[in-house]
Amino acid sequence: MNPDSLLLTPIFLPLLAASIVLTSKSFLPVKARRFSEYFGILIGLLMPIIFVLLLYPYVINQGSLFLVIGSYTPKIGIVYKFDSLSLVMIVLTNLLTLPAWIYSRTVGPSQSYFTALILIQSATIAAISMTNDIFNLFVCLEVMGLIAYVLISSKQEKNAVFAAFNYMMYSSSSMVFFLLGSFGLYRLTGSLSYQEITNALLNLSSKELNIALICLLLMIVPILLRVAIMPLSNWLVGAHSKAPHAVSALLSGILIKIPLFVLVRVFSISPILKNLTFPLAYIGSATALIGVIFALSQSDAKKLLAYHSISQIGYIITAWAMALNVGIDTTPGAILLIAALFHTFSHAIFKGLLFLSIGTATDAAESRDVYKIRGVNSILSQKGERFPITMICFLVGALSIMAIPPFNGFFSKTLLTYYLKPSINYTILSIAGVGTVASFIKLSRIFLPNKQIKEQTKEFSKEKFPFSIHLSLIILALLALLTGIFSQNIFELLENMFISTSKRPINKTIFFSQANIIKTLYTVLGGVLLFVIATSKVGSKVLHKLKGIKTDFTDQYFHFAITITLLSYFLFV
Amino acid sequence: MIIERVLIFLIFITGFIGLIGVKNIIKKIIGLSLLNSSIVLLFILEASRIGDHAPILVGQEKNIVDPVPQALMLTAIVIGVCVTSLSLAMAVRLYKTTGSLDITIIKERIENES
């Protein structure tokens, strides 16, 4: 089969499906609308996965595939570049959008426009992963952002609308700087594609090169804002905790990580950008630690999860930045990139699982306060849940994020930290792991039995528990378990894609080595200890103070300016 | 040439002040719109410096302006309009539910209720 025709499927099939869904919404009766949505998901989300996987042998043999749209010359037409990173990103997105969509069927937002939006989103992410020039990147990032704002505010509650408005103002105004940066680069080099800019930068004088670096920095910081690295992460907590549950799962699972892996391409433009990777690795570790501390101080269950998203993205940024620092063409760099990708994958699974199960629990309890909700199981059984699937799935997610075998979080976190070992990042991330355990013990308490409720409801209600909730939870829980059990095979697949000559493949004995198991035990014990300290009088006072820290709309721009200044310092000094 | 750049910079600064210094959310949206426009103007201005004629190639036109930034800015303007309209829709929703356009009052009212 011709690989060129397959290359466009992840972009055009979802767009086609979205237009089918929207057209049938306007013209067809309700039953046909439902059918068209199922059909749209089938051809827009599932078929691209198959087509992209068919490209796997080409990627291994040729490295990257190029396609010029409309058969223009590469100078004029839009060039798409498909490589192993694009493949992983597209499969990840489409695979994990599915459970969120299934969940949204009963809980909402379940109108046709939601289906159409997530299909367009999948197309945009495919385009982002394949685009080869900076202006296309700008357009795709803006479209991805627009869809995120609509999705967050799709329930039209004022909380959510306000969070979306805040995110939109912040992110759109930062994208103005991105546009300014791309203008500068075009002015200096006369081209927009990554490769040509790289070549043109070699011929610039040192003064012009400095301007070009500032332009690149102006492009990098807005992308880091989307990733929610620590000083730039204010928008995330509101947006991710106030959005509908299915949307939270999508946002935390996929949307915040896609820009990070696009940055791999941007960083390849100039070798001087390597100066940024060390500070970014430290910022990543700090993000992981501070995120966890804030998570521990929250009382709102979904806010707690949102802070954990920040923390876990810190892990990924650390490994990603160290990979770029070593160079992704070298074997150690490639292994770190694989670790970052695998942690992205497992985080997308378990965070989706946690958001959906906690969403179900808080909806049933009609409260989000971790200190007040108790006995979720009996409340859920009132609603018709015969078997505590929600609790079991939550526990799978929680054990996974705490890095306990045999779930996927254990393998990805071990791999990620093992290859960082001599640096201080390893220590910081290990401490953050302790905090993760403590905050999830705190969150798990909502499932503790509550005697008062139990006595009230001996008789089972006749209500039927929505099947789609269970289905989406079970899919994600099984994925978390299976990607844990078959992690070795997944590593081999990734190794084939990213390491051309596997001289020193991933050391597979590290997972169940004595040292690692002891470390896991210590982490859990430390987590229990930290939880006890946090619930003591002094601990809760400190945490209460932390919870009281509030940031204004204007503060965000202050953080933005600080980040640019800090990074430009590291770039030039 | 320098005067035009200074004017564009002034538009940029005006937009930025509107975005972060003013509390009314409609004015914030106007500020964001101005920010976008200033960058669009900058692109068009700088591209027009290498020629005088519109880049419509019928015969053997010479001395044309750089056509690429114009094409890019067309896309950027479309995105800007999308952002503006969506944010205005949100502003309407916020005004209807909280009864205010001041961002601090909106925030207070939302936090008090939850």
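Figure 1. Leaving aside neighbours within four places in sequence, A:Ser346 is in contact with A:Ser400, A:Asn408, A:Gly409, A:Ser412 and A:Thr483, where contact requires that the C-beta atoms of two residues, placed from the backbone, lie within 7 Å. A:Ser346 has 27 C-beta neighbours inside 10 Å and therefore counts as buried; the term buried asks for 20 or more other C-beta atoms within 10 Å of a residue's own, whereas exposed stands for 12 or fewer and partly exposed for the range in between, with C-beta atoms placed from the backbone. From A:Ser346 to A:Leu305, 41 residues away in sequence, the C-alpha to C-alpha distance is 15 Å. The model is predicted, so that local features need pLDDT of at least 70 and side-chain atom pairs count only at pLDDT 80 or more, while totals for chains, interfaces and linings use all residues. Residues are numbered from 1 along each chain as its sequence is written, and chains are lettered from A and ligands numbered from 1 in the order in which they are written.

**Figure 2. A:Ala339, another residue of helix α16 of chain A**. The helices and strands named in these legends are DSSP runs numbered from the N terminus, helices being H or I over at least four residues and strands being E over at least two. A:Ala339 counts as buried because 30 C-beta neighbours lie inside 10 Å. Apart from neighbours within four places in sequence, the contacts of A:Ala339 are A:Ala319, A:Ser412, A:Leu415, A:Leu416 and A:Tyr419.

**Figure 3. The largest nonpolar core**. A nonpolar core is a set of buried Ala, Val, Leu, Ile, Met, Phe, Trp, Tyr and Cys residues joined through C-beta atoms within 7 Å, and the largest one has 227 residues, with A:Ile152, A:Ala164, A:Ala319 and A:Leu353 having the most contacts inside it. Helix α16 (residues 331-365) of chain A gives the largest share of this core, 20 residues.

**Figure 4. Packing of α7(A) against α8(A)**. The two helices pack at an angle of about 175°, their axes 9 Å apart; the axes are lines fitted to C-alpha atoms, for helices over the stretch in contact, and angles run from 0 to 180 degrees between N-to-C directions. α7(A) and α8(A) are therefore roughly antiparallel to each other, a term for angles over 145 degrees, with those under 35 counting as roughly parallel, 65 to 115 as roughly perpendicular and the rest as oblique. The residues that meet include A:Phe138, A:Gly145, A:Tyr149 and A:Ile152 in α7(A) and A:Ala164, A:Tyr167, A:Met168 and A:Phe178 in α8(A). By class, this contact has 15 nonpolar, four polar and one charged residues, where Ala, Val, Leu, Ile, Met, Phe, Trp, Tyr, Cys and Pro count as nonpolar, Asp, Glu, Lys and Arg as charged, and the others, Gly among them, as polar.

**Figure 5. The interface between chain A and chain B**. Here 26 residues of chain A are in contact with 27 residues of chain B. On the side of chain A that touches chain B, α7 (134-152), α8 (158-189) and α26 (553-572) each supply at least two residues, and α8(A) gives the most, with 15 residues. The residues on this side of chain A divide into 17 nonpolar, six polar and three charged. A:Ala164, leaving aside its neighbours within four places in sequence, is in contact with A:Tyr149, A:Ile152, A:Ser153, A:Ala239 and B:Met90.

**Figure 6. Helix α13 (residues 258-267) of chain A, mostly covered**. Eight of the ten residues of this helix are buried, and among them are A:Ile258, A:Pro259, A:Phe261, A:Arg265 and A:Phe267.

**Figure 7. Chain B and its four helices**. Chain B has zero strands, and its pattern along the sequence is α-α-α-α. The radius of gyration of chain B, taken over C-alpha atoms, is 19 Å, well over the 13 Å that the globule rule (2.2 Å times the number of residues to the power 0.38) gives for 114 residues, so chain B is more spread out than a compact globule. The C-alpha atoms of chain B fill a box of roughly 70 × 30 × 15 Å along the principal axes, and buried residues make up 26% of the chain's 114 residues.
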